[in-house]
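Welcome! Have the sequence and the 3D view ready, and try each exercise before you read its solution.

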Amino acid sequence: MKKLALIFILFGTIFSSFSQEKNEDPVDQIKEFQEQLNEEYLNPKESPLSEEERLAFKGHKFYDIDASFIVEAAFVRTALESPFRMQTSSDRRPMYVKYADLYFTLKGKELKLAVYQSQTLKEDPKYFDYLFLPFTDDTNGKGSYAGGRYIDLKIPKEGTKKIILDFNKAYNPYCAYSGGYSCPVPPAENHLDLKISAGVKAY
């Protein structure tokens, strides 16, 4: 499987590994995601960990894989949004635009999350179709990183009205591991009023 992950500290988004779309079992995809994420953090060229921490790193702690956190969401394009400067953990304010709203049902609740597009990355022919989903939930500071987590997505094919949202692939920003990084802060509209006990746990 081709590895799509790169680090974009300067662009304002920290991308972790995510699998290409394939006709494979979702659990296998999640396991592969976990393996790739661990490999990145062991790689001295990609890891945000100090050398001492990296050598002692035994892998991320993940919530148990839970298929109930894989949902089909309605993908509603928000074409008239204006670019804005997203808040980060530093003074840097990278430009993003809200690209779409995702509407879905999880644990009996009707929910919505916004997905964003980096105005820098969209100019890159390799990454023009990347979308960024930062979110917070009721596990933050109580099992998961207090500052929220991220999910990577790609723009679906034209005319597609549904997208698969897999919270088992939620990962931490680099700020969860080390100081000195500038990490986007999930906007208030992307708080989920329930526990997302899936994905990466707090470091």
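Predicted model: local features only at pLDDT ≥ 70, side-chain atom pairs only at ≥ 80, totals over all residues.

Residues are numbered from 1 along each chain as its sequence is written, and side-chain values use heavy atoms, leaving out hydrogens and water.

**Exercise 1. Find out where the pLDDT is below 50.**

Step 1: Recall that pLDDT is the predictor's confidence in each residue, from 0 to 100. The chain averages 89, and 89% of the residues score at least 70.

Step 2: Look at residues 1–20, where the pLDDT is below 50. Beyond near neighbours in sequence, this stretch has 70 contacts in the model (a contact means heavy atoms within 4.5 Å).

**Exercise 2. Locate the disulfide and describe its geometry.**

Step 1: Apply the rule, a pair of cysteine sulfur atoms within 2.5 Å. The count comes to 1 disulfide.

Step 2: C175 and C183 are the partners, with sulfur atoms 2.1 Å apart. Their link is right-handed, with 100° about the S-S bond.

**Exercise 3. Work out which strands pair with strand 3.**

Step 1: Strands (E, at least two residues) and helices (H or I, at least four) are DSSP runs numbered from the N terminus. Two strands pair if DSSP finds at least two bridges between them.

Step 2: Strand 3 (residues 70–77) runs antiparallel to strand 9 (residues 162–166), joined by 5 bridges. Here A74 has K162 as its bridge partner.

Step 3: Strand 3 also pairs with strand 5 (residues 95–106), in the antiparallel sense, over 4 bridges. R77 is bridged to A100 of strand 5.

**Exercise 4. Is F57 buried or exposed, and what does it touch?**

Step 1: Buried means under 20% relative accessible area, exposed over 50%, and partly exposed in between (1.4 Å probe, protein chains only). F57 has a relative accessible area of 8%, so it is buried.

Step 2: Not counting residues up to four places away in sequence, F57 touches N38, Y41, L42, L49 and Y203. F57 and L42 are 15 residues apart in sequence, yet 7.1 Å apart in space, C-alpha to C-alpha.
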